Amino acid sequence: MRKSLLPLLASVAMLATPAMARDFILAPARPDKLIVVDAQDMKVVNTITVEDAGPTPMVPIVAPDGKYAYSTINKTESFVKIDLETGETVARVDLSSPEERVKSLFGFALSPDGKTLAVYESPVKLELTHYEVQPTRIALFDTETMQETARFEAPRQITVLAYSTDGTRIYGLGRNMHVMDATTGELIEDLPIQSWRPETYTQPDVLAVWSQYESSHVMSVPFYTALTAKDPADPEAYRTGMLTMDLDSGQMNMREVRIMDVFYFSTAVSPDKTRAYGAYNVLESFDLESNQSIKRVSLPHSYYSVNVSTDGSTVWLGGALGDLAAYDAQTLEKKGQVDLPGNASMSLASVRLFTREE
């Protein structure tokens, strides 16, 4: 009797075991691919072809449940909703019309509840004999119907968009960090970037086109500046900084982290928000509490995009060429590599991390 219960009890135990969330990576690749990678097994699990995506799907976003992805395509004049399991294009929205050409460039974000897409639009009115530049704006779309639900003007020269984690605000990274009401578009405040500490530093030069804040809820970008008190001919005058915008607290911080001797194309923050990682021709870790460099290692080639696993143990590098590289977050030793099908280039596209229950 006791023996016969064992298989039943084992089955009940298996059913009661909660599904485990695994890390996956969504990597765009030229000219028309979205590639899903199992980050734990370090292998490609799905290659999705997106029609009319060229020159590449630019900014992908994954829904909170990991089932659907959204991506800008068609020279950033359109975006699509993709089923990540079947690879089917569920819906497509074209931003341009015969009367107006609209580019979204890098400004594309999803609300924390997964219900609203925010698209930064740079429109140009197409007249018979000339073009008329229109005010830049943010359009909101319902992810279920894919219909536009609101539109409001927004400051120019915004590159990256991000929602606050409570969904009430949209942050637009441009000449300042523009903080906007997520429903009405009302400008709540401008946090200074180009005018940061002018008595000490020259105007910061900010490079920001990659969205990669999903595991930390911190938008992070490198910037470059110089000390006004030093001779411009002195190499010690030039400094590397780190801008962090905490999407949980709403706090922005700009800090100097080292002398500027190399460039980083992008940075990402660890889930516990104590470290940042910068990548281009080197990978470097930074302590965000002491504002100091921790370690630097050379890379075999350039990587544009950097992201961090949800447990904080692995730094993922992508962008530029056709491979994703995994590095230990503590030691910066290489852990593995995933070669994309056909060695397709990721170029400037954002490489996104997401979780899904398996």
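Two exercises with worked solutions follow.

This is a predicted model, in which local features need pLDDT of at least 70, side-chain atom pairs count only at pLDDT 80 or more, and totals for chains, interfaces and linings use all residues. Residues are numbered from 1 along each chain as its sequence is written, and side-chain values use heavy atoms, leaving out hydrogens and water.

**Exercise 1.** Work out where Q212 is found and which polar contact joins its side chain to that of S305.

*Solution.* 
- Step 1: Q212 lies in the loop between β18 (205-206) and β19 (218-226); strands are DSSP runs (E, at least two residues), numbered from the N terminus.
- Step 2: Q212 counts as buried because its relative accessibility is 4%, and buried means under 20% relative accessible area (1.4 Å probe, protein chains only).
- Step 3: The side chains of Q212 and S305 are joined by a polar contact of 2.6 Å. Such a contact is a pair of N or O atoms within 3.5 Å; within protein, one must be able to donate a hydrogen and the other to accept it, and residues adjacent in sequence count only if both atoms are side-chain atoms.
- Step 4: The Q212 side chain also reaches the backbone oxygen of T267 at 3.3 Å.

**Exercise 2.** Find which residues touch the most other members of the largest nonpolar core.

*Solution.* 
- Step 1: A nonpolar core is a set of buried Ala, Val, Leu, Ile, Met, Phe, Trp, Tyr and Cys residues joined through side-chain atoms within 4.5 Å.
- Step 2: The largest one has 34 residues, and I138, I170, L173, M177, M219 and L243 touch the most other members.
- Step 3: β14 gives this core its largest share, 4 residues.

Key. Buried means under 20% relative accessible area, exposed over 50%, partly exposed in between (1.4 Å probe, protein chains only).
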